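Reader: I've just opened this one and want to get my bearings. Can you talk me through it?

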Amino acid sequence: MFYDQPKSRKMEDNDMVNNGYNQYMRSRVLTASKAELTLMLYDGAIKFCNMALMCMDKNDIPGTNKNIKKAEAIVEEFLATLNYKYPVAQDFKNVYDYIHDCLVEANLKKDPEMLNEALGRLREMRDTWKEVMRLSAQTKSLAG
């Protein structure tokens with residue numbers, strides 16, 4: 001008969017912390033506005049690019065690929081959800097296409113310069129989005 005080995009106390013503590021964090025993140029996502037979800041996605045793409053850069057530094061090819069692919073998936077989600085009834089959507093598409101192309105090239109060539117280019121553009125988009133959110137909240141508070 002096979003038995004599970006008992007977990008050490010340290011592992012149980014880590015599981016509790018991870019479970020608590022996962023529950024917090026799930027709650028945060030489920031209660032976030034569309035604008036906040038967009039900001040979370042930008043933050044996620046930035047995080048994955050930073051992780052890919054760290055993996056590149058360690059010559060961790062699988063880790064680099066995995067994290068760049070995660071950032072690509074987020075950019076693809078941005079592209080898939082653009083609303084073309086607004087003229088600015090085409091401008092966003094052009095930026096997202098450029099970021100995506102940088103990520104693909106960075107992954108193919110394991111090129112930190114291209115990855116940093118994508119990262120810089122993602123940071124600009126995130127910072128612009130945060131400013132839009134701030135101005136929108138300010139306008140609502142003045143009107144309300």
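## Loops, rings and the core

Reader: Where is N59 found?
Author: N59 sits in the loop between helix 2 and helix 3. Helices (H or I, at least four residues) and strands (E, at least two) are DSSP runs, numbered from the N terminus. Bear in mind that this is a predicted model: local features need pLDDT of at least 70, side-chain atom pairs count only at pLDDT 80 or more, and totals for chains, interfaces and linings use all residues. Residues are numbered from 1 along each chain as its sequence is written, and side-chain values use heavy atoms, with hydrogens and water left out.

Reader: OK. What's the phi of N59?
Author: It is near 60 degrees, a positive value in a residue other than glycine. Most residues other than glycine have a negative phi.

Reader: Is N59 buried or exposed?
Author: N59 counts as exposed, because its relative accessibility is 59%. The cut-offs are under 20% relative accessible area for buried and over 50% for exposed, with partly exposed in between (1.4 Å probe, protein chains only).

Reader: Which other residue has a positive phi although it is not a glycine?
Author: K110, at about 50 degrees. K110 is in the loop between helix 4 and helix 5. With a relative accessible area of 27%, K110 is partly exposed.

Reader: Zooming out, how many helices and strands are there?
Author: The protein chain has 5 helices and 0 strands. From the N terminus on, the order is α-α-α-α-α.

Reader: And what share of the residues is buried?
Author: Buried residues make up 27% of the 144 in the protein chain. As for contacts (heavy atoms within 4.5 Å), residues 24 or more positions apart account for 61% of those with a separation of 6 or more.

Reader: Switching to rings. How many aromatic pairs?
Author: The count comes to 3 aromatic pairs. One of them joins Y42 and F78: the ring centres are 4.5 Å apart and the planes are at 35 degrees, so this pair is tilted. Y42 belongs to helix 2 (residues 34-57) and F78 to helix 3 (residues 61-80), 36 residues apart, and the pair links distant parts of the chain. The rule takes rings of Phe, Tyr and Trp (its six-membered ring) with centres within 6.5 Å; planes under 30 degrees apart count as stacked, over 60 as edge-to-face and the rest as tilted.

Reader: Are Y42 and F78 buried or exposed?
Author: Y42 counts as buried, at 1% relative accessibility. F78 counts as buried too, at 6%.

Reader: What about the rings of F78 and Y96?
Author: Their centres are 5.1 Å apart and their planes at 15 degrees, so the pair is stacked. This pair also links distant parts of the chain, from F78 in helix 3 to Y96 in helix 4 (residues 88-109), 18 residues apart. Y96 is buried, since its relative accessibility is 3%.

Reader: Which residues do the ring pairs link into a cluster?
Author: Y42, F78, F92 and Y96.

Reader: Now the core. How many residues has the largest nonpolar core?
Author: It has 25 residues, and those with the most contacts inside it are C49, I68, Y96, I99, L103, L115 and L122. Helix 2, helix 3, helix 4 and helix 5 (112-143) each supply at least two residues of this core. Helix 2 gives the most, with 8 residues. Such a core is a set of buried Ala, Val, Leu, Ile, Met, Phe, Trp, Tyr and Cys residues joined through side-chain atoms within 4.5 Å.

Reader: Last topic: where is W129, and what is it in contact with?
Author: W129 is in helix 5. Its relative accessible area is 22%, so W129 is partly exposed. Apart from neighbours within four places in sequence, W129 is in contact with A35, T38, L39 and Y42.
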